[in-house]
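Please open the structure in your viewer and keep the selection panel to hand. Each stop below says what to select and what is there.

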Amino acid sequence: MPASRTLHRHAALLSRMAESLGLDLSEALMQGVLAGEDWRNAVLRCTSCEDPEACLAWLAGFDSAAPLPTAPEMCRNAGLFDTLRRETVAGDGR
């Protein structure tokens, strides 16, 4: 199991990536769109990334004025983010 510091770092990266896509993971958890186990697994997937610095560089270019349409291909949680976006939009009645 990754060390606590690594888990915290990747949990923060996961949240920042979600934010760049217009997703709120805390809200998704509260609404039951994202299960706690799914969030934990997403953090663990993130810790297995071979290049978290590339993620940081990608996020550095994020302009919070407009959410991005998709996560970068390198993101190990891109599929989860796509699913959350679909489920969140469907839940909003859009």
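Predicted model: local features only at pLDDT ≥ 70, side-chain atom pairs only at ≥ 80, totals over all residues.

Residues are numbered from 1 along each chain as its sequence is written, and side-chain values use heavy atoms, with hydrogens and water left out.

**Stop 1: the helix pair**

Select residues 4-20, helix α1, and residues 52-60, helix α4. Helices here are DSSP runs (H or I, at least four residues), numbered from the N terminus. The two pack at an angle of about 35°, and their axes are 11 Å apart. Axes are lines fitted to C-alpha atoms over the stretch in contact, and angles run from 0 to 180 degrees between N-to-C directions. The crossing of α1 past α4 is left-handed (the near helix is turned anticlockwise from the far one by less than a right angle).

Now show the side chains. From α1, Arg9, His10, Leu13, Arg16, Met17 and Ser20 meet α4 residues Pro52, Glu53, Cys55, Leu56, Trp58 and Leu59; contact means heavy atoms within 4.5 Å.

**Stop 2: the salt bridge**

How many salt bridges does a search of the whole structure find? It finds 1, a salt bridge being a side-chain nitrogen of Lys or Arg within 4 Å of a carboxyl oxygen of Asp or Glu. Select Arg9 and Glu53, whose side chains meet at 2.6 Å, N to O. The pair links distant parts of the chain, with Arg9 in α1 and Glu53 in α4, 44 residues apart. Arg9 is partly exposed at 34% relative accessibility, and Glu53 is partly exposed at 47%. Buried means under 20% relative accessible area, exposed over 50%, and partly exposed in between (1.4 Å probe, protein chains only).

**Stop 3: the two sides of α4**

Select Pro52, Cys55 and Leu59, the buried residues of α4. Look down the axis of α4: its buried residues fall within an arc of 50°, so they line one face of the helix. The arc is that of the directions from the helix axis to the C-beta atoms. Their cover includes α1. Ala57 and Ala60, on the other side of α4, are exposed.

**Stop 4: Leu84**

Select Leu84 in helix α5, residues 78-91. Is Leu84 buried or exposed? Leu84 is buried, with a relative accessible area of 3%. Leaving aside neighbours within four places in sequence, Leu84 is in contact with Leu23, Leu25, Ala28, Val33 and Leu34. Leu84 and Leu25 are 59 residues apart in sequence and 8.9 Å apart in space, C-alpha to C-alpha.
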